Amino acid sequence: MSIMERNETKSPRQWTGWVCSLLFGVAVFLFFGLAYPHHLHYQEQYQLFLFDTAYVWDIVRLPGGGADLLGRFCTQFFLYAWVGAFIIALLLTSVQLLTLRLFNAHRPTPNSHPAYGLSYVPSFLLWLFLLDENALLGGVWAVLLTLLATWLFSYLKNGRARHILLFVSIPLLYWMAGPVSVVFFLLQIVEAMLYTKKPIVPIVILVLLAFMPILLSYHLPVPMEKLWSGVHYHRYPTALPTLLWAAALSVIVLMVLCPVANRLETNQTRRKSLSAPHFPFLVSLFSFLLVAVIMGLLVWKNSNFKAEKVMQYDFMACHQQWNRILETINKEKPNNQIGVTVQNLALAMHGMLLEHMFNYNQNGIAGLLPDVKTDATSPLPTAEAFYQLGMINVAQRTVFEAQEAILDFQKSGRCYKRLAQTNLINGDYEVARKYLIALQKTLFYREWALETLQLLGNEEAIAHHPEYGRLRQMAYKNDFYFSDHVSPEMLESLYFSNTANRMAYQYLMAYYMLTGDRNSFNKIIRQIPKQ
């Protein structure tokens, strides 16, 4: 093909590549915005990003801290699902484009790579990685930073200056991106072996790669295995993020196959006549469609829509969207523990629990106030019911234990907010101030924290507050021992300490209806004060 013919086909092929990347980004955006929004809310509520130097230093002092800091910063925007979906789409599209740039680094005609579709494989694997609600965005940032460093180095000319900069950047990139930066190391080895033919470069890189984690293990409070597998990639401290590593290492495999693909394309071009000038373009388009279909099916098959539904109920309860909950359960009756708990809470908030509870699925008394479990997820909807009932101390304890159960030891903006509220209602103003001052250093909780700080110590303002004043009046007047199981005696004491507490009445009577205890039910009916 002549130079003129190449120039004529260059622009349309490049334009088609940008369109494919745009379509991929839109697909990611719509998936997380429409099908997976509550997974994003889940991520946001289990971290508390603070604009504070001590908080930032605590993150960046560990290997991979730069990527983790960027991941946490972005995750705070997941409070708004569409913003979170846009961020993820931008990150995954950037990974694809950088992978393609690395494909084309040693090609004379970079616009239509015969294996163009394979440039989407790392991004699709990262998409699969993010389907896990415990996968952290810092892992995606680690891959992106590694590819960005590799791409920038591909523009440097071979020579002493490049080698010096390479050896200096290796520990820096390891500290920024963590062990995933091994992709950068290995790609530099591939580069040196295929193009520079200097064996000293791979040897030095391998020595640095082997000894960095070993040396750091003597100076950092991190287990040796985490220095090899990553500290901030997954919420489970002992989990190996397999899909993240597959996404990172797939780039190396693709780079090794790239010269083979180039050679095949050259041979194929020589055999083809000028009557088929668009053959490479058609091959690249076909590879894109093939990868998109296969990986798209894998994404949809591995999506956990049951967990998404559970997270939806939890999110609606957290934001007290009682009308939306009723609309949701009327369309599809919940059949999971959290959904039933939230369903009954919404019915009670509307004063409809006793009349309509048997129109929906029930799970015995566990559907009212389930026993508190030692995890970070299931206790929070139950704690919301405790809070709305006026069981403030129980709600406070449940939320505190849920926060302490977060697997990667982060704090929670949602839990901090509720702990500030319960301590304010109880009159423990200095404890409430501690949580509010922390929330002041956030982006999206700051305004609420400033408004709530003005209530501390202001008994009159609290008494007239539509939420805090009501809950303070409804709360228990006497202390009692609470285990992990709510008894009817607790609900009875709560109701008779303030018979205006209709929530307590509904839950108490519903308890007896679900257990079939007619005698206790009739006893409460006879004891109800006459209006």
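This is a predicted model: local features need pLDDT of at least 70, side-chain atom pairs count only at pLDDT 80 or more; totals for chains, interfaces and linings use all residues.
Val 310, Tyr 313, Asp 314 and Ala 317 come from H14. They meet Ile 338, Gly 339 and Val 342 of H16. Residues three or four places apart on an α-helix point the same way, because the helix has 3.6 residues a turn.

How are two packed helices described? For H14 and H16, the angle is about 30° and the axes are 8 Å apart. H14 is therefore roughly parallel to H16, since angles under 35 degrees count as roughly parallel. Their crossing is left-handed.

**Helix H16**

H16 covers residues 337-349, which makes 13 residues. From first C-alpha to last, H16 reaches 19 Å. That is close to the 18 Å expected at 1.5 Å a residue.

Is H16 mostly covered or mostly open? It is mostly covered, with 11 of its 13 residues buried. Among the buried residues are Ile 338, Gly 339 and Val 342, which also take part in the meeting with H14. Others on the buried list include Gln 343, Asn 344, Leu 345 and Leu 347.

Just after H16 comes Gly 351, with a positive phi of about 70°.

**A second pair: H20 and H21**

Now take helix H20 (residues 413-426) and helix H21 (residues 429-440). Their axes come within 8 Å and cross at roughly 150°. H20 and H21 are therefore roughly antiparallel to each other, because angles over 145 degrees count that way. This crossing is left-handed. On the H20 side, the residues that meet H21 include Tyr 416, Leu 419, Ala 420 and Asn 423. On the H21 side, they include Tyr 429, Ala 432, Tyr 435 and Leu 436.

**Two single residues**

Thr 398 lies in helix H19 (residues 392-404). His 465 sits in the loop between helix H23 (459-463) and helix H24 (468-474).

| Residue | Relative accessible area | Class |
|---|---|---|
| Thr 398 | 2% | buried |
| His 465 | 23% | partly exposed |

Why does Thr 398 count as buried? Its relative accessibility is 2%, and buried means under 20%.

What does Thr 398 touch, leaving aside neighbours within four places in sequence? Its contacts are Val 372, Pro 379, Ala 383 and Phe 386. Leu 455 is 10 residues away from His 465 along the chain. Their C-alpha atoms are separated by 9.3 Å.

**The whole chain**

How many helices and strands does the chain have? It has 27 helices and 0 strands. The chain has 531 residues, and 53% of them count as buried.

Contacts can also be sorted by separation in sequence. Among contacts between residues at least 6 apart, 71% join residues at least 24 apart. The accessible surface of the chain comes to about 25200 Å². Carbon and sulfur atoms account for 63% of that surface.

Note on methods: Residues are numbered from 1 along each chain as its sequence is written. Side-chain values use heavy atoms; hydrogens and water are left out. Helices (H or I, at least four residues) and strands (E, at least two) are DSSP runs, numbered from the N terminus. Buried means under 20% relative accessible area, exposed over 50%, partly exposed in between (1.4 Å probe, protein chains only). Contact means heavy atoms within 4.5 Å. The expected span of a helix is 1.5 Å times one less than its number of residues. Accessible areas come from the Shrake-Rupley method with a 1.4 Å probe; for residues, only the protein chains shown count as cover. Axes are lines fitted to C-alpha atoms, for helices over the stretch in contact, and angles run from 0 to 180 degrees between N-to-C directions. Angles under 35 degrees count as roughly parallel, over 145 as roughly antiparallel, 65 to 115 as roughly perpendicular and the rest as oblique. A crossing is left-handed if the near helix is turned anticlockwise from the far one by less than a right angle, and right-handed if clockwise.
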